[in-house]
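Hi everyone, thanks for coming. Let me put the sequence and the structure up on the screen, and then I'll talk you through some spots.

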Amino acid sequence: MGIVLNIQDLTVTYKTRRGTACGVNNVSLELEENRTLGLAGESGCGKSTLGRAIMRLVPYPGRIVNGSIILDIDRDIEYQGGFIGKGPKDLMEFSENEMRALRGEEMAYIFQDPMTSLNPMKTIGSHFVELVKAHYPTMEKAEAIERAKEILENLGILPERVDDYPHQFSGGMRQRVMIGLGLALRPRLLIADEPTTSLDVIVEAQILQQMAQLKEKFNLTMMLITHNLGVLAQTADSIAIMYAGRIVEVADTGALFERPQHPYTKALLESVPDVTKPEKTLCCIPGSPPDLIQPISGCPYGPRCAQMKDTCRRIEPLLVRSSTGGLVACNQYTGD
Amino acid sequence: MSSDTSIHGIFLSLKSVSGDLQSRSFRWWVGFFIVTGLSLSVIVGLLIVALSSNSELGLQAVVGTVVIASVFQVAYKLQKRSVAAGRLKRMEGRTICAAVFLVTSAEVVLWALSAIPTVARAFSVAVILGGFLVAVIMLLILEGYPILKVRGSAGYIAEAGLLIVFSMAYMTVISSWISPFLATKINVGPILSPPSLAYPLGTTSLGQDLLSRVLTGGSIMLQVAILSVIVCFSIGVPLALAASYRGGVADRAASLVMDSIYAFPGLVLAIAISAMLGPGVINMALSIAVVYIPSYFRVVRSQVLTIKELPYVEAAVAMGARSRDIVFRYILPNLLPSAVVVMTINFADAILTEAGLTFVGLGLPVNVPDWGWDLTFGRTQLITGAWWVIAFPGLMIVLLALGFTLAGEGLNEVLTPKLKE
């Protein structure tokens, strides 16, 4: 199994009036083919920024200042006025036109809010036509509609509903349409940014199940951004926990839930209710996330950490291999 | 509502209950009388006016326009059937329709050149334009009605508004050929005579026939309204789209200019500009356009700023859409309803501003028949009891403004899928 996505030292900053905030700080990640990586963390920790940075769609005033994003492109892509050969390519070196050709074709992004992610003036079918036409200008409209019907049927939506407008669909169906749009051109990498947040649990379960099926069918590599650890337990192969723009722990799903290494991961898991252990008391993490504009020295989690030592004030921990086979960034494990 | 039946539109309601005598209910008869009564009264009225016209060519003009429209209608129907059966491509069908229209128009021109060489040019222009308008009206009645009906009351409103506007336009186009007297000729009858058989709408204080003036007077108003709206729309909307989509300096600069125009009271600015440019249709249209561009700009800009941050635009970017597609396929369709609303207000306002400009004497010379002039002169006659002098021209202005408003309001709803009933 090859590496589909390899992120090295990615840093994204937001220029604000108060100063420069580091939304994503020196993040390195690898995604293997046909695996699902869950990206979890509290609000504002940089999950979505990381996801968008991979698409090179960081919203203003954010900017990618450093790092490389290497995507293994599995086919030759022709677009108006250019050509991208297959093989591993650094996305940071691509022009905006080249990125445009890749978006939707090799990598797709599903947004959080399905209610507003579809153009209210267009039918579902014309969304598909538009997408296909943007990448294959020569394709006939009828062919694109046929394809849309096929995809919708796969997702459990009646094919004849291609002529309906978004407001005639429920939230779950719209999210399915969004997933269908994301997968219409058979991308290699799918980044789903909290795809089920605004849906109820039953629809959420259906959609997650469908996404798992589609992943097998289309040989997808997925990145699932969420703050819901329950969702990740169900769907992800491995999980990366983010805190204050950094990755603090990466581990296989089973290992992470069984033997969390980082104190932050432990605290997160303790704050999630468990159906099998009704007697479990939930705890919260004291304090609040650090200010990203004026970073504290040492470990960013230090002030909130129950096991803080003196070294944590001085030394910022690096990601090292943990005993469970994952990676962890905590001074407990660095040997000092 | 199949597209292959030969009976369409308003006449559809007649067909649906046809059968044995028993089923021809009371409702059917009411519908029958309304439809046939209205059509007959329109046709008879047109014929009477045409036969008693001062130009002696009224009948020819009316018949010419109707013939052009009917031939076009038949060609359209046949073409549509062929396209539906797959014998023709859509583009070919359209080309054939256009060709048929051109050929019939050419026939009219040839006839005019041989029969009435002195006024051939004016006559054929009026008849061809009139033919086009009648064709549009027929299309609206026969084809547009079932399409619009699907959309519920919005469809009826749009249909009614469009019919009013196109009928007014038709009336104005052929008015000079069908009016009973020359609209500007004075002393054709007694001064200030009330409506009578000889002068159906009465006469003015100069002894002009008011019917002729009412028929003819809309031409300048329509020209000015249409021209100014076209200018406004085609400057205001693209400018606002481009500037606010780009943002930054371009947006600031454009907003500054627009806001400074906005700072003047509209009518005063229009009066100032048209006083500067001098009278004339184009100058009036321009002065009205300058006044109304900022309202388009403001509305479109606020819409663009909202829409461009919406998730579906972001989703389109994430799927690899180009800026061009985003502007024209995502932002423009979503802001068009608001721009159309501004356009209807603009149409009605342009008509009223034109009437206002003429009223203060900055519009046109007195020898051009215009509803605005009739209002100006009729105002002083009102106290003597001559209500008809301003009632009929005023009614026409109200009707035209109402037509534009209804059309815009209805179209706005028809174009927005979410408001579908």
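A word on conventions before that. This is a predicted model, so to speak, in which local features need pLDDT of at least 70 and side-chain atom pairs count only at pLDDT 80 or more, while totals for chains, interfaces and linings use all residues. Residues are numbered from 1 along each chain as its sequence is written, chains are lettered from A and ligands numbered from 1 in the order in which they are written, and side-chain values use heavy atoms, with hydrogens and water left out.

Let's start with the salt bridges. Side chains of opposite charge can pair when their charged atoms come close. The term here means a side-chain nitrogen of Lys or Arg within 4 Å of a carboxyl oxygen of Asp or Glu. How many salt bridges does the structure hold over all chains? There are 18.

Take A:Arg188 and A:Glu33, whose closest N and O atoms are 3.4 Å apart. A:Arg188 sits in the loop between helix 5 and strand 9 of chain A, and A:Glu33 in the loop between strand 2 (20-32) and strand 3 (36-40) of chain A, so this pair ties together parts that are 155 residues apart in sequence. Helices (H or I, at least four residues) and strands (E, at least two) are DSSP runs, numbered from the N terminus. Are these two partners buried or exposed? A:Arg188 is buried because its relative accessibility is 8%, and A:Glu33 is buried at 18%. For the cut-offs, buried means under 20% relative accessible area, exposed over 50%, and partly exposed in between, with a 1.4 Å probe and protein chains only.

Another pair is A:Arg246 with A:Glu316, at 2.8 Å from N to O. This one links distant parts of the chain, 70 residues apart: A:Arg246 is in strand 12 (residues 246-252) of chain A, and A:Glu316 is in the loop between helix 10 (310-314) and strand 13 (320-321) of chain A. A:Arg246 is buried at 14%, whereas A:Glu316 is partly exposed at 40%.

Now over to chain B. B:Arg322 forms a salt bridge with B:Asp325, the closest N and O atoms being 3.1 Å apart, and both residues are buried. They also belong to a network of salt bridges that takes in A:Glu130 and B:Arg329.

On to the surface. Patches are made of residues with over 30% relative accessible area and no salt bridge; like charges are joined within 9 Å, and nonpolar side chains (Val, Leu, Ile, Met, Phe, Trp, Tyr) within 5 Å. Accessible areas come from the Shrake-Rupley method with a 1.4 Å probe, and for residues only the protein chains shown count as cover.

Chain B has a nonpolar patch made of B:Ile43, B:Leu47, B:Leu51, B:Leu59, B:Val63, B:Val67 and B:Val71, with about 550 Å² of accessible area together. Helix 2 (26-51) and helix 3 (58-85) of chain B are the elements that give two or more residues to it. Which helix gives the most? That is helix 3 of chain B, with four residues. B:Ile43 belongs to helix 2 of chain B and is partly exposed at 46%.

The place of a charge is NZ of Lys, CZ of Arg, CG of Asp or CD of Glu. A:Lys133, A:Lys141, B:Arg90 and B:Arg94 gather in a positive patch, while A:Glu146, A:Glu150, A:Glu153 and A:Glu160 form a negative one.

Next, the backbone. Most residues other than glycine have a negative phi, and most peptide bonds are trans. Here, a cis peptide bond joins A:Tyr60 and A:Pro61, with omega about 5°. A:Arg186 has a positive phi of about 55°, and A:Asn219 also has a positive phi of about 55°.

A:Phe218, in helix 6 (residues 201-218) of chain A, is in contact with A:Leu183 and A:Arg186, leaving aside neighbours within four places in sequence; contact means heavy atoms within 4.5 Å. A:Phe218 is buried at 17%.

Thanks, and I'm happy to take questions.

Technical notes. Lys and Arg count as positive and Asp and Glu as negative; His and the chain ends are not counted.
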